[in-house]
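User: Can you walk me through how the two parts of this chain sit against each other? Here's the model.

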4 protein chains.
Amino acid sequence: MAEIGIGIIGGGYMGKAHAVAFSAVGAVFDTTLRPRLEMVAASTESSAASYAKSYGFARSTGDWRVLVADADVQAIVIASPPETHLEITRAAAALGKPVFCEKPLGRSVEDGKEMVQAVEAARAVNMIGFNYIRTPASQYARALIAEGEIGDITWFRGEHTEDFYADPDAPATWRAQGDSNGCMGDLAPHMINAALALIGPIGSVMAEIETVHKTRGGAPVTNDDQGQIMCRFTNGAMGHLFFSRTATGRKMGYIYEVTGTRGAIRFDQEDQNALWLYKAEGPEAQRGFRKILTGPAHPDYEPFCQGPGHGTGYQDQIIIEARDFLAAIEAGKSRWPTFRDGLEVSNIVEAARRSHAARAWQDVNHG
Amino acid sequence: MAEIGIGIIGGGYMGKAHAVAFSAVGAVFDTTLRPRLEMVAASTESSAASYAKSYGFARSTGDWRVLVADADVQAIVIASPPETHLEITRAAAALGKPVFCEKPLGRSVEDGKEMVQAVEAARAVNMIGFNYIRTPASQYARALIAEGEIGDITWFRGEHTEDFYADPDAPATWRAQGDSNGCMGDLAPHMINAALALIGPIGSVMAEIETVHKTRGGAPVTNDDQGQIMCRFTNGAMGHLFFSRTATGRKMGYIYEVTGTRGAIRFDQEDQNALWLYKAEGPEAQRGFRKILTGPAHPDYEPFCQGPGHGTGYQDQIIIEARDFLAAIEAGKSRWPTFRDGLEVSNIVEAARRSHAARAWQDVNHG
Amino acid sequence: MAEIGIGIIGGGYMGKAHAVAFSAVGAVFDTTLRPRLEMVAASTESSAASYAKSYGFARSTGDWRVLVADADVQAIVIASPPETHLEITRAAAALGKPVFCEKPLGRSVEDGKEMVQAVEAARAVNMIGFNYIRTPASQYARALIAEGEIGDITWFRGEHTEDFYADPDAPATWRAQGDSNGCMGDLAPHMINAALALIGPIGSVMAEIETVHKTRGGAPVTNDDQGQIMCRFTNGAMGHLFFSRTATGRKMGYIYEVTGTRGAIRFDQEDQNALWLYKAEGPEAQRGFRKILTGPAHPDYEPFCQGPGHGTGYQDQIIIEARDFLAAIEAGKSRWPTFRDGLEVSNIVEAARRSHAARAWQDVNHG
Amino acid sequence: MAEIGIGIIGGGYMGKAHAVAFSAVGAVFDTTLRPRLEMVAASTESSAASYAKSYGFARSTGDWRVLVADADVQAIVIASPPETHLEITRAAAALGKPVFCEKPLGRSVEDGKEMVQAVEAARAVNMIGFNYIRTPASQYARALIAEGEIGDITWFRGEHTEDFYADPDAPATWRAQGDSNGCMGDLAPHMINAALALIGPIGSVMAEIETVHKTRGGAPVTNDDQGQIMCRFTNGAMGHLFFSRTATGRKMGYIYEVTGTRGAIRFDQEDQNALWLYKAEGPEAQRGFRKILTGPAHPDYEPFCQGPGHGTGYQDQIIIEARDFLAAIEAGKSRWPTFRDGLEVSNIVEAARRSHAARAWQDVNHG
Ligand SMILES: NC(=O)C1=CN([C@@H]2O[C@H](COP(=O)(O)OP(=O)(O)OC[C@H]3O[C@@H](n4cnc5c(N)ncnc54)[C@H](O)[C@@H]3O)[C@@H](O)[C@H]2O)C=CC1
Ligand SMILES: NC(=O)C1=CN([C@@H]2O[C@H](COP(=O)(O)OP(=O)(O)OC[C@H]3O[C@@H](n4cnc5c(N)ncnc54)[C@H](O)[C@@H]3O)[C@@H](O)[C@H]2O)C=CC1
Ligand SMILES: NC(=O)C1=CN([C@@H]2O[C@H](COP(=O)(O)OP(=O)(O)OC[C@H]3O[C@@H](n4cnc5c(N)ncnc54)[C@H](O)[C@@H]3O)[C@@H](O)[C@H]2O)C=CC1
Ligand SMILES: NC(=O)C1=CN([C@@H]2O[C@H](COP(=O)(O)OP(=O)(O)OC[C@H]3O[C@@H](n4cnc5c(N)ncnc54)[C@H](O)[C@@H]3O)[C@@H](O)[C@H]2O)C=CC1
């Protein structure tokens, strides 16, 4: 059992989530590597200091370069805005340090490519933060599909819908500016990643993207509020994806429905401890979608609780992520989803933007 | 209170449903016109005779022309396959008789146009059988949206999914042959009609249609199993429609989700007595989708039962239809949805087929 | 196919329901006996005449004795208040006419006993109106339990809860007066009948009954608003029953949960087309309550609709009842639930009242 | 920000949960007191050492007295079996150390009384582990009821049902022996505490308790599998409680339904992030139970996640508990639920046992 010094850049929504996760992960998963909250960086010295005090970091800095360079920081978590991801990654990779980056992989496909090159060239362990796919329910869904439990996949429907920007009067903050802060940049990646994880690669897309509220409080909005993608998976399955931040009433609509020739699966993150499974077997009169409650029989559940149906939550997903990142570091080998997997997600967003502009189907550029 | 002689062509799935409906509608709705089951027609004399005996018709015939021409048949219900709709309509219209036709409006847009011309030229009362939109829940959903209860509509998602053809080994019967028996011809119209009724006209579509199981039991399948449409409503709302008869686990997936700027609505025909409504008002902590159970406070419920939550079923939708058809006859004026409304649905199916072929957005031809 | 003249006493809530049912049942079930709405009786000549016109009866009367005695009335349906049940039954039995009586079996156990004696002595076909147990879902639940699909029963929970009297300001009408109009008299019988049908006889009870709102609009309330019963079935299973007409938010809370050693069943009439089944078999990770949608694979569904998940409603239950009553008449043999079965339900209500008064467990007097 | 040394006795199910909670609580809640995992005790030196290594304790011991006496252990968590609770409490109280004890409060009411006396005499900060009532949803339910949002309470139904002992062939381990390990001792306290917290004191009970499977694998079972209680709250509300560990299909059936004169609440721990609220206000046609997803607008949610609907889980409840215990220590004042509150729960279990034996209503002995 060895200690490892963790440096986190950003102390906001996700910075805190990762700080809590690294505090708890050792006890939860009995990890070989034991994380130590070594340093936190933020945009100012004072906010960083305040984060350090709150979350329990040993030190803080207003300059992420200091954090990256620090000898006691042996692994780096990027939880700052997308425009910072590339530069931080370059610096971390230059030192060969393991780096975990929150989604999305930078501002754009270009950023993403450079980030992949940087970590791969440096053989730095890398991972991207698609936490939702790590719930016990979604891990189990992946396994069921992979094992052929529901047969050949004939249809996939996914959505990521929230309503934090549904109110037309909500002000035009930074959220309303820049592609990577729009709905396609910010929300879409999670569900695209799920689609890839559950079904496989996407070959082509036909998309439509729009800004529902073109001004907010008088100020212009320069990015999108919602978008939809018809897609074709390379295994032949037809699919549809929808993303919205103006989906009134939806709080965490990370939803997927997978139809196979022998069964079907449904999932809604708003009830993340349930997985709905239909199997086309047994007497017709007894068939129906069954609501499976996650428990020790499902992946990564038992370390959180011995009782089935007792439930895991958002923070637990980040703890599972932390475990995987530590395991990757220990093994010296990146784990899914790597930066390259994150880039594939960005490739699909990029193809969707192309399709929207061309009003035509577009092939996805892989790699 | 006057009697009216009803003639029904077809005694299968829908022929029976209409026969039952006309038996019950008078008592349920205390209608002014009281239907009398005068004659039933089927493809053979003997099957027609057997239907007459089962359902209680006074007479039967193996030739629908006899039925249409009969003086005691004062209103005609077409519940035979789509390929018969046009010719029967022409004959009925020629005599100026009221005609109710099951969806879809013939085999194609061409059939539909001729059917509209026939009834309109003859000023014959006409109606098309989109029964699902007549549940108390869906009628109420229409009213809520029309009254602006959920604000401006920003998103519509509809699907009609069933799994009666999910099994790849199900044989290639007549269901597997001919456009009007495929998924786009058979299932799509109901939900397209719902989209139009709830949101308004559709301006353009981008569609993808496919045959999931290209052969069945060795025999070729010549029509489609599923299709999806991205659409733009003329009021600006973005939408998506999905139709499938291979949706394993789905029995009656007539589902819609409507997002507005001030609320949202969800409905699933598999639980047809519940309407889910979200209103973006009141304390944040108390907001949520409410499950409204239909009752006497909702349209056309009370005649079936004085108790809320006691529920109506499939057959009751057909009874509501029968009431509307009788009321239209009495008033001498067609009621929504007329053949023209049915044609608009066919126009969208046609545009979807064009779009699929062209792999491009297509405008809908109205009228 | 022979006609049978039906006479219905009462044209209110249930009188109408039965009138509609007898109008439709022939076409739905292709019954051998075909009902003819011969006569309706009500408390006044004029209301009876109005019912006749609305529902389509040939004749009407303000005196139920006229109806019972009429030669063309060959079967009698009692849909008038409980205080009329005994006398009408006596008159009908005296003529040996088949009689269907709405629940409850008269005002009291005493009424019920006399009613049973009357019909049994006269060998008159008899049946009582516990319609809810006749849904396809509840019929199937009975079958599953009877066939041992969920093993030995270890627990039963039932409730019948509505909120029509939840408002303390609702006036003290006839509903607020007299035992048979109270919650135990009016609502309890349906669920007690379900308990007996699903699990078997009840040996002893421990009950608590109360009047939640002791005055309404200043006037005193002389009957009960809610009650609960702990019970022991003779097969050893433990149970609990709850009844309330002040259950705010509950519209049709006819709910049961049955636990067995190998599975469990849940049902809620508010979603009457779904039956929830859990089976303790197969991989632990795939276990869960499955939501079975009723369809042609379930009892008495197909005559209403060929499509699964399309749903039946309240009125359809009454149609199923009518079919059973006609079949009993044809066979000359009463069908479950007979008056005797209705009496057993009354016996349990009576034992509950005793238990409440004695504040002690009481055995149920059978017979 | 001061550190505090935590000693946990027991490293099993709950010992681990508390170890994780104290690891994370500082970062989650920015607590003033920062816990340090100082020492863990278990039944053997080696198991304690192994727990220490896994969970990250500085030291371990096979003798809980060593832990209690240790100067660097400034607060004690009892997560060992009920038979150890009294003695440990006495020792901790003798030193005036703050003590958190897992439910139930010892083996019996007698144990509980002594434990209360010990901590109260010593003025030691004390708290009992009823974690489920601390979810954001249940905290909010308490608040809604307390503020009168649903009016006067007329009915309460609670259950705690699981199925870990549903299989008749599950062996007769320690779980099958001794009152405090039976269903009434082990499961009942959580829901009884909820009833008290949501509605208020219980005055009298009428109970029935039973051993469903009297032998397991040939060996006798000496405690109960399920029990039910009819109860009367001192505010007049009627209630019912049910507990079972043989409830096939139920994984975490901590369920309550509260009916008030102006609304109603439903909760099921199996979907712990949803609270169902019905309000008898607004247009009848728009009333229904709304599914409120917990979020930052609800108690103690935001520190876990800024996004509503993202969800908290079992472990998070224990973190909230840890925050409350630390806050109590800091304030030098016990927080609800204290040992005295735990004793009241035991008093109700005791009254239920008396009632079962006497087959009669029994008053609850308070204090
Ligand atoms: N996986 C998930 O569920 C979620 C992921 N995210 C992702 O996490 C990342 C961060 O988002 P949030 O935590 O929501 O943002 P936030 O606004 O809550 O926090 C951003 C943090 O970054 C720091 N920061 C900004 N610029 C910096 C710089 N140049 N140097 C050092 N620190 C800097 C700020 O001081 C702040 O502490 C984004 O990539 C976002 O897409 C965000 C929310 C949820
Ligand atoms: N609204 C709804 O929910 C549904 C509507 N439909 C529609 O109802 C129509 C009928 O479909 P089903 O009832 O399912 O078909 P079916 O196959 O059950 O019955 C068809 C009936 O038409 C009769 N028929 C066929 N050719 C005839 C001819 N030339 N002359 C006279 N009778 C003829 C047959 O004898 C048979 O009785 C179709 O347009 C279909 O799309 C079907 C099912 C559900
Ligand atoms: N199975 C079920 O779901 C339900 C059963 N019921 C039962 O049905 C019976 C009737 O109740 P509702 O229909 O709700 O009552 P209602 O008040 O709606 O109708 C009662 C009818 O009985 C008639 N009536 C009263 N006294 C009469 C007399 N002396 N002679 C002839 N007619 C007389 C009235 O004119 C009226 O038409 C009751 O036994 C009730 O418990 C009621 C509602 C639901
Ligand atoms: N709040 C909740 O959700 C739950 C509470 N509990 C309660 O937690 C307590 C512990 O139960 P579990 O964690 O399930 O038990 P467990 O069997 O998983 O662990 C018991 C632990 O206590 C230790 N222990 C036993 N005797 C000891 C002694 N004399 N000295 C020192 N250590 C000793 C054992 O070594 C073991 O580490 C019980 O009071 C139980 O009722 C249990 C499960 C859930």
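User: How far apart are the centres of domain 1 and domain 2 of chain A?

Analyst: Chain A splits into domain 1 (2-132) and domain 2 (133-333 + 345-358), with bounds from an automatic or database domain assignment. This is a predicted model, where local features need pLDDT of at least 70, side-chain atom pairs need 80 or more, and totals for chains, interfaces and linings use all residues. Residues are numbered from 1 along each chain as written, chains are lettered from A, and side-chain values use heavy atoms, with hydrogens and water left out. Taken over C-alpha atoms, the domain centres are separated by 24 Å.

User: What area is buried between domain 1 and domain 2 of chain A?

Analyst: Buried area is the accessible area (1.4 Å probe) that two parts lose on being put together, summed over both. Carbon and sulfur atoms give 73% of it here, and the total is about 3,200 Å².

User: And which residues of domain 1 lose the most area to domain 2 of chain A?

Analyst: Three residues together make up 28% of what the domain 1 side buries. They are A:Phe29, A:Phe130 and A:Tyr132.

User: Which residue forms a salt bridge with A:Lys103?

Analyst: The rule (a side-chain nitrogen of Lys or Arg within 4 Å of a carboxyl oxygen of Asp or Glu) finds one salt bridge across the interface of domain 1 and domain 2 of chain A. For A:Lys103, the closest N and O atoms are 2.9 Å apart, and the partner is A:Asp186.
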